[in-house]
Amino acid sequence: MTQVGDAFVLKGGRVVDPRAGRDGHFDIRIENGRVSAIGKDLPLDGARVVEVPAGFVITPGLIDMHVHLREPGQEHKETIATGTWSAVVGGFTGVACMPNTEPVNDSASVTQFIMKRASEAGFARVYPIGAVSIGSMGDQMTEMGDLRGAGCVAFTDDGKPVATALLMRRALEYAGMFDVPIIEHCEDPSLKGAGVAHEGAVASMLGLQGIPGVAESIMAERDISLAELTGGRIHIAHMSARQTLRAVRDGKSRGVQVTCEVAPHHFTLNDEALRDGAGYNTNLKMNPPLREEADRLAMVEGFRDGSIDVISTDHAPHHADEKALEFDRAPFGIVGLETCVPLCLDRLVHAGVISLSRFVELLSASPAALLRIPGGTLTVGEPADITVLAPDAPVTIQASALVSKSKNSPFDGWQLRGATAATIVGGRVLYTNPAVSGADRFAGPAKS
Amino acid sequence: MTAATRLQSRHLLSIADLEPAEIDLILDTAVAMKEIGTRTIKKVPALRGRTVVNLFFEASTRTRLSFELAEKRLSADTMGITAAGSSVTKGETLADTARTLEAMSPDIIVIRHAASGAPHLLSTICRAGIVNAGDGMHEHPTQALLDALTMRERKGRLAGLKVAIVGDLLHSRVLRSNALLLTKMGAEVRACGPPTLIPLGLTALGVHVTTSLDEAVKDVDVVMMLRVQRERMHGMFLPSVREYFTLFGLTPARLERAASDVIVMHPGPMNRGVEIDSAVADGPWSVILDQVANGVAVRMAVLYLLAGEELS
């Protein structure tokens, strides 16, 4: 592992940094944890040189704005240390963590605890997201000013929707004072009912209770109307339904401050997967559920036409024991941090849906801008948070090899093209991928 | 289509997994098994030395007794577990219960469970053959097989039969298994119920879906009534028993539109006066008790085909 003071130059690699208007071969000099120069043929001045292998791509550090780190309270699923290491291995230099821990992140003391643990771990940067309401119970608004001061970058009652239209209205108004978005888990509770899978022919024939796509879009429509009323910023989390995408497009066309994110499983899988093998694989159970093919295709189209702002993983670790239950009883959610980059490169970039530049927008620039956090672009004088991609490297996903404490991934055995080669946080090369040839060049000199 | 001589899978999880030839094989085997029930000594040694576990996590009378009787007639050693008297009440997971049973080397586990897919979970853990005795809203394969046997006995065939299935379609595993089986075997299936209780995906199977009982029963050879649970009357599915019976209850007058030799079936337990008039349930059209008798034969056939000695 390289040290902070170690000066090095990433030489001759393709740099893709849309916010800086860069897509070409540049040298990047890093010292004291920061980017100290970007340019062609930079003088080396005795710095260690990393010749970037042909085909590798240097991007601003990737940021996952929707992660469940589970600590405090559910450390058997994940801890801040294991989750942020999983992020680094997945190519993320920063994550925003959801407040549905035990206790809920609804007070500055919980936020401070998370920040402290993240700092001790020293892996990916952590940006806590605070609860909208105390205990996320939907009654009383949290002290957003206090939470913001402690480090929260957004507010949400994720895991469930903000309970009432009135509370959402007040939250949008109040949070506007701090220029932070409200992130919404869109779901009408009455339409969701006891549903465990997308309401469609597949769930119907498998005898699983359905959750219709409109359970999501109805709540999104409510929130977009309230953002329009209040001038607040609403961000639609883990969008899955085509009706929701339509609502977001309508809102954007009216000038409402609405943004949205989509998780990789919602553009790579559909509900047909529930029939695979013996069927009822609980690693295919997440909320929102895998939708039908028309929804998946709508998400792909949303990437193509630019309607989707962010890719986030909704990384939701669960212990194997919790998933080894009847489908109805197993918890919702899958891990996503370590499978995101290969899925996005293979299914979006190589598939011709988006460019690499757009990939960087969706996974770095856009979440940084939305949360008003550093990064998203490489700037001289700013921390050197950098992701190195090997877009052509073959990857076979092995659930058992994930470094996350939980292995609940539906992508076990998938063969994809595109890997993270190295992850650099604050100038320290925290990870080089042993499966990618040439990635070891990024590792620092062997320590004695 | 060549005749099957054995089942491809060592489990019976769903009708969806069966080929038409396998369905024929089970039904033909059931005919032979039925004869055993007419003997003075109603027992054959086909499953002698085999162990069958009946794992009933959900209330059941006829299915449980029917399986037990089938097992006994085949000379299997049987054990029964119900949720109420088991370690399930102590918080044991289904997977752990399965592993515990597995350690006792059963040959067959028969499972009834409120969660759809519970038998599938068992099949990924156990070496034993798994027989689905009803899982949630998913399937009840032996019910559809015994219904098919009853129809074949009464009508001589399945292909071309017109069958109306009426009631709470949404929550019914009997509907799903029957719709799959009957469409596979070439019958014409009509499903009828209130719009709040119609599941998605039936049309894709080739089932004609209607909310009109008169349309559903017109000229049909078979009317199969499904139970409507009382609790559905208090949710937002249905306004009242009274209105349900008016619109969907099977009465002698309604039956006049069906074929003159129509038979009426019900998987039980019946709600008299809710989905079916007693005059129909006890009338000349009713084959409801035949279904019960055929249930034993069909379960004997399934157990024999999954665990019995090879015919030499």
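# Reading domains, helix pairs and backbone details

User: Which domains does the assignment give for chain A?

Analyst: Domain bounds come from an automatic or database domain assignment. For chain A, that assignment gives domain 1 (8-58 + 382-442) and domain 2 (62-371). Keep in mind that this is a predicted model, where local features need pLDDT of at least 70 and side-chain atom pairs count only at pLDDT 80 or more, while totals for chains, interfaces and linings use all residues. As for labels, residues are numbered from 1 along each chain as its sequence is written, and chains are lettered from A and ligands numbered from 1 in the order in which they are written.

User: How far apart do the C-alpha centres of domain 1 and domain 2 of chain A lie? And how many residues of each domain are in contact?

Analyst: The C-alpha centres of these two domains of chain A are 26 Å apart. For contact, the rule is that the C-beta atoms of two residues, placed from the backbone, lie within 7 Å. By that rule, 31 residues of domain 1 of chain A touch 45 residues of domain 2 of chain A. On the domain 1 side, strands E1 (8-17), E17 (386-396), E18 (415-425) and E19 (428-432) of chain A each give two or more residues. E18(A) has the largest share, with seven residues. Sorted by class, that side has 16 nonpolar, eight polar and seven charged residues. (Ala, Val, Leu, Ile, Met, Phe, Trp, Tyr, Cys and Pro count as nonpolar, Asp, Glu, Lys and Arg as charged, and the others, Gly among them, as polar.)

User: How many helices and strands are there in chain A?

Analyst: Helices (H or I, at least four residues) and strands (E, at least two) are DSSP runs, numbered from the N terminus. Chain A has 13 helices and 19 strands. Its radius of gyration is 21 Å, close to the 22 Å that the globule rule gives for 448 residues, so chain A is as compact as a globular protein of that length. That radius is taken over C-alpha atoms, and the globule rule is 2.2 Å times the number of residues to the power 0.38. Along the principal axes, the C-alpha atoms of chain A fill a box of roughly 65 × 50 × 40 Å.

User: At what angle do helix H12 and helix H13 of chain A pack?

Analyst: First, the axes are lines fitted to C-alpha atoms, for helices over the stretch in contact, and angles run from 0 to 180 degrees between N-to-C directions. Helix H12 (residues 340-349) and helix H13 (residues 356-371) of chain A pack at about 135°, their axes 11 Å apart. The two are therefore oblique to each other. Here's the scale: under 35 degrees is roughly parallel, over 145 roughly antiparallel, 65 to 115 roughly perpendicular, and the rest oblique. The H12(A)–H13(A) crossing is right-handed; a crossing gets that word if the near helix is turned clockwise from the far one by less than a right angle, and left-handed if anticlockwise. A:Cys344, A:Leu348 and A:Val349 in H12(A) meet A:Leu356, A:Phe359 and A:Leu363 in H13(A). That contact has six nonpolar, no polar and no charged residues.

User: Which peptide bonds are cis, with omega near 5° or about 0°?

Analyst: One runs from A:Glu102 to A:Pro103, with omega near 5°. A:Pro103 sits in the loop between strand E7 (92-97) and helix H2 (108-121) of chain A. Another joins A:Asn287 and A:Pro288, with omega about 0°, and A:Pro288 is in the loop between helix H9 (265-268) and helix H10 (293-304) of chain A. Look at A:His238 too: its phi is near 25°, a positive value in a residue other than glycine.

User: Into which domains is chain B divided?

Analyst: Chain B has domain 1 (15-138 + 292-307) and domain 2 (141-289), with C-alpha centres 25 Å apart. Here 23 residues of domain 1 of chain B are in contact with 19 of domain 2 of chain B. Helix H1 (20-36), strand E4 (129-135) and helix H11 (288-307) of chain B each give two or more residues to the domain 1 side. H11(B) brings the largest share, eight residues.

User: How many residues does the contact take from chain A and from chain B?

Analyst: Chain A gives 16 residues and chain B gives 22. The chain A side has nine nonpolar, four polar and three charged residues.
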